[in-house]
Every structure is written in C-alpha cells, then in structure tokens.
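This report describes the packing of one protein model. Please consult the sequence and the structure shown here.

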Amino acid sequence: MDAFLAWLKQLQFDGIWQTALLVCASLLCITFHETCHGLVAYWLGDRTAKNAGRLTLNPLKHVDIGGLIMMALFRFGWAKPVPVDMRNFKNPKKGMALTALAGPVSNVLLAYVAVVLQSACWCFIVAAQSRVAQVLYVFFYYVAIISAGLAVFNLFPIPPLDGSKVVFALLPDGMYGKLMRFERYGMLLLMVLLLTGVLDTPLVFLRDGLLDGLHAAGAWPVDLFLKIYQ
C-alpha cells in the first residue's frame with residue numbers, strides 16, 4: 001500500500017484528487033440543502049417533494065450541472081429546486097418561509113460539523129502524520145467553505161433564492177402574490193449579478209465572517225487534544 005501511495009505521489013495527481021474532493025463536497029452540500037427543504041415541507045404537510053422522490057441524499061436527484069459548476073468555480077451555486085406546493089400548508093406563507101429557511105440553516109449546521117471534523121483531522125495529522133486524515137482534512141475544508149457560502153448566498157432576498165421567500169412572507173398577501181409572479185425573472189438578474197461580480201464582495205465577507213464564527217465555536221477538539229498531547 002505504501003508503495004502504491006508513493007507511486008501515486010510521484011505522478012503528481014494532487015490537482016486531480018483536490019478536484020474530486022471539491023466536486024464531492026459540492027454534491028454533499030447541495031444535496032443536504034435540498035433534502036432539508038423537502039423534509040421540512042413534508043413535516044409541515046406537503047408531500048410534493050416526497051412524491052417526486054426528492055427526500056433522498058442521492059445527489060443525482062438534486063444536482064443541476066450549471067449550479068454545480070458555479071459552485072466548484074466560485075463556491076456559490078445552486079441545485080434543482082425541490083418542488084413545494086404551499087397550498088398544502090396550514091399557513092401557506094409561514095410554511096413557505098420555514099421551508100425556504102431550512103436550506104440555509106442546514107448548511108450552517110453542516111459547515112459547523114465540517115469545521116469540528118476538520119479540527120479532529122488536524123489532531124491525527126499532528127499526532128500520526130496520517131495520510132487519510134490529510135485527505136479528510138481537505139474534504140472537510142471544502143465542505144465548510146462551500147456550505148457556508150451556500151448558506152449566505154441563499155439568504156440574499158433575490159428570487160428565487162430562499163431569502164426572498166422568507167422576506168416576502170412578511171409582506172401583505174396582495175403584495176406577496178405580485179412579487180412571486182416575478183420569481184422567474186430573478187434567476188436572470190441573479191446570473192447578471194454573479195457574472196459581473198457585484199455580489200462577490202458581500203458574499204465573501206459574509207461567508208468568511210460565518211466561517212470565523214464557526215471555527216471559533218468548533219476548535220474545541222484541537223484545544224482538548226493539545227492539552228492532552230502536551
């Protein structure tokens with residue numbers, strides 16, 4: 001096994017492995033995000049996502065190729081939206097807002113778990129120079145940064161992002177209905193904003209701020225290890 005790893009190393013496949021880890025991390029983040037949308041909708045009484053087979057962690061059910069490419073390149077992207085019929089909620093506006101909010105919240109939680117596991121991997125790297133721990137460390141690094149980026153990106157109040165559904169739910173019913181009609185044009189606006197770089201600065205600022213907070217809260221495995229190891 002050591003000889004095989006040495007052979008791989010001399011072929012300098014690091015770039016390929018990092019790309020593979022990046023794609024896997026992206027798939028995990030968008031799959032978890034969309035599955036949580038569907039789960040919350042299901043808990044609130046809407047079976048549309050379940051009937052469509054979207055309550056699954058199978059990434060093939062959720063992936064949008066364009067959104068995956070954007071996520072791999074810019075750390076911000078999207079998946080195929082989970083189908084939701086707000087008429088099935090007891091309180092349609094509230095149910096839609098909670099369903100939308102489930103995506104970003106799930107990504108914050110996933111990013112935190114990734115930060116904790118990343119810190120744990122660092123302990124194994126320091127103690128045993130574990131190659132597996134090094135690979136996992138890079139993977140969890142990608143999961144943390146992509147998931148945090150996905151969380152803040154989706155909270156922007158631009159249709160069809162989740163943040164727009166949360167903000168629109170606070171509006172009067174008449175205005176809510178009118179704004180929802182323009183949702184299909186929001187993606188065009190969103191693409192223009194992303195391609196022109198208008199959103200880059202606020203997105204990176206918010207993502208990095210969130211990651212700093214998560215790292216501060218998730219560094220306890222390393223701190224505990226260093227106290228014991230020393």
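Which residues on the other side of α10 are exposed? The residues concerned are T201, F205, D212 and A216, where exposed means over 50% relative accessible area, buried under 20% and partly exposed in between (1.4 Å probe, protein chains only). The model is predicted, so local features need pLDDT of at least 70 and side-chain atom pairs count only at pLDDT 80 or more, whereas totals for chains, interfaces and linings use all residues. Residues are numbered from 1 along each chain as its sequence is written, and side-chain values use heavy atoms, with hydrogens and water left out.

Helices are DSSP runs of H or I with at least four residues, numbered from the N terminus. The buried residues of α10 are L203, R207, L211, L214 and G218. They lie on the same side of α10 because they cover an arc of only 65 degrees around the axis, taken from the directions from the helix axis to the C-beta atoms.

A nonpolar core is a set of buried Ala, Val, Leu, Ile, Met, Phe, Trp, Tyr and Cys residues joined through side-chain atoms within 4.5 Å.

| Nonpolar core | Number of residues | Residues include |
|---|---|---|
| Largest | 24 residues | A25, C29, I30, F139, Y142, V143 and I146 |
| Second, separate | eleven residues | V152, L190, L193 and L199 |

The largest share, nine residues, is given by α6.

D46 is placed in the loop between α2 and α3 (48–51). A polar atom of the D46 side chain lies 2.9 Å from the backbone nitrogen of D85.

Technical notes. Helices (H or I, at least four residues) and strands (E, at least two) are DSSP runs, numbered from the N terminus. A polar contact is a pair of N or O atoms within 3.5 Å; within protein, one must be able to donate a hydrogen and the other to accept it, and residues adjacent in sequence count only if both atoms are side-chain atoms.
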